[in-house]
Amino acid sequence: MAEELIISTSTSKKEKYQTLIPQVESLIAGESDLIANLSNIAAALKQTMDFFWVGFYLVKDDQLVLGPFQGPIACTRIDFGKGVCGAAWKEKRTVIVPNVDEFPGHIACSSASKSEIVLPAFKNDEVKLILDVDSDKLDDYDAVDENALGEIMRLIEQKL
Ligand code: SME
């Protein structure tokens with residue numbers, strides 16, 4: 001495992017993600033423990049992309065339970081279908097919310113959060129965990145984030 005993350009100095013988020021993704025792949029290659037891998041991925045995303053909040057919620061019985069994350073403290077449990085995270089779980093798809101105040105049922109863990117992207121990871125067609133990224137700016141996430149973070153979710157799925 002590399003000891004230091006190489007972070008692109010480019011101002012383009014696409015290039016930052018392109019530098020990050022192969023490093024994520026090698027970061028998790030030799031480790032089978034899911035929590036250890038999610039912890040390093042959350043840290044690598046925070047360091048590279050400087051997200052306000054980035055972390056995972058794991059499906060446990062009928063709830064999402066807070067997993068490894070970087071950023072301010074967050075709500076620990078989310079019910080099926082509730083908030084943006086619960087919606088991504090229920091609908092089995094990525095959800096991008098440009099303005100959280102306009103999303104019915106948004107769960108405000110921090111009043112500073114303005115926009116959000118949530119992506120699910122699957123095993124046997126079931127959602128096993130979700131990645132949640134929050135921004136303190138409106139409309140901060142687009143198809144570039146969806147594609148790059150999606151690649152990271154596919155890497156995680158290989159370890160599920
Ligand atoms: N806003 C999320 C809850 C999780 S926190 O943002 C970390 C939601 O509506 O599901």
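These legends describe close-up views of the ligand site in a predicted model. Residues are numbered from 1 along each chain as its sequence is written. Local features need pLDDT of at least 70, side-chain atom pairs count only at pLDDT 80 or more, totals for chains, interfaces and linings use all residues, and side-chain values use heavy atoms, with hydrogens and water left out.

**View 1. The shell around the ligand.** The ligand is surrounded by 13 residues, counted as near if a heavy atom lies within 4 Å. Val84, Cys85, Ile107, Cys109 and Asp134 are the closest. By class, eight are nonpolar, two polar and three charged. Here Ala, Val, Leu, Ile, Met, Phe, Trp, Tyr, Cys and Pro count as nonpolar, Asp, Glu, Lys and Arg as charged, and the others, Gly among them, as polar.

**View 2. Elements that build the shell.** At least two shell residues come from each of β1 (53-60), α3 (83-91) and β6 (126-135). The top contributor is α3, with three residues. Helices (H or I, at least four residues) and strands (E, at least two) are DSSP runs, numbered from the N terminus.

View 3. A backbone N or O atom of Val84 lies 3.0 Å from a ligand oxygen. A side-chain N or O atom of Glu116 is 3.1 Å from a ligand nitrogen. For Asp132, a side-chain N or O atom is 3.4 Å from a ligand oxygen. On its own the ligand has 300 Å² of accessible area (Shrake-Rupley method, 1.4 Å probe). The protein covers 99% of that area.

**View 4. The lining of the largest cavity.** A cavity is a set of points, on a 1 Å grid over the protein atoms alone, where a 1.4 Å probe fits but cannot get out; lining residues have an atom within 4 Å of a point. The largest cavity holds about 150 Å³ of space. Its lining has 18 residues; Tyr57, Ile107, Cys109, Asp132 and Asp134 are the closest to its centre. Twelve lining residues are nonpolar, three polar and three charged.

Note on methods: A polar contact is a pair of N or O atoms within 3.5 Å; within protein, one must be able to donate a hydrogen and the other to accept it, and residues adjacent in sequence count only if both atoms are side-chain atoms. On a 1 Å grid over the protein atoms alone, a cavity is a set of points where a 1.4 Å probe fits but cannot get out, and a pocket is an open set with protein on both sides within 12 Å along at least five of seven lines; lining residues have an atom within 4 Å of a point. Grid points are joined across faces, edges and corners, and a volume is the space filled by probe spheres set on the points.
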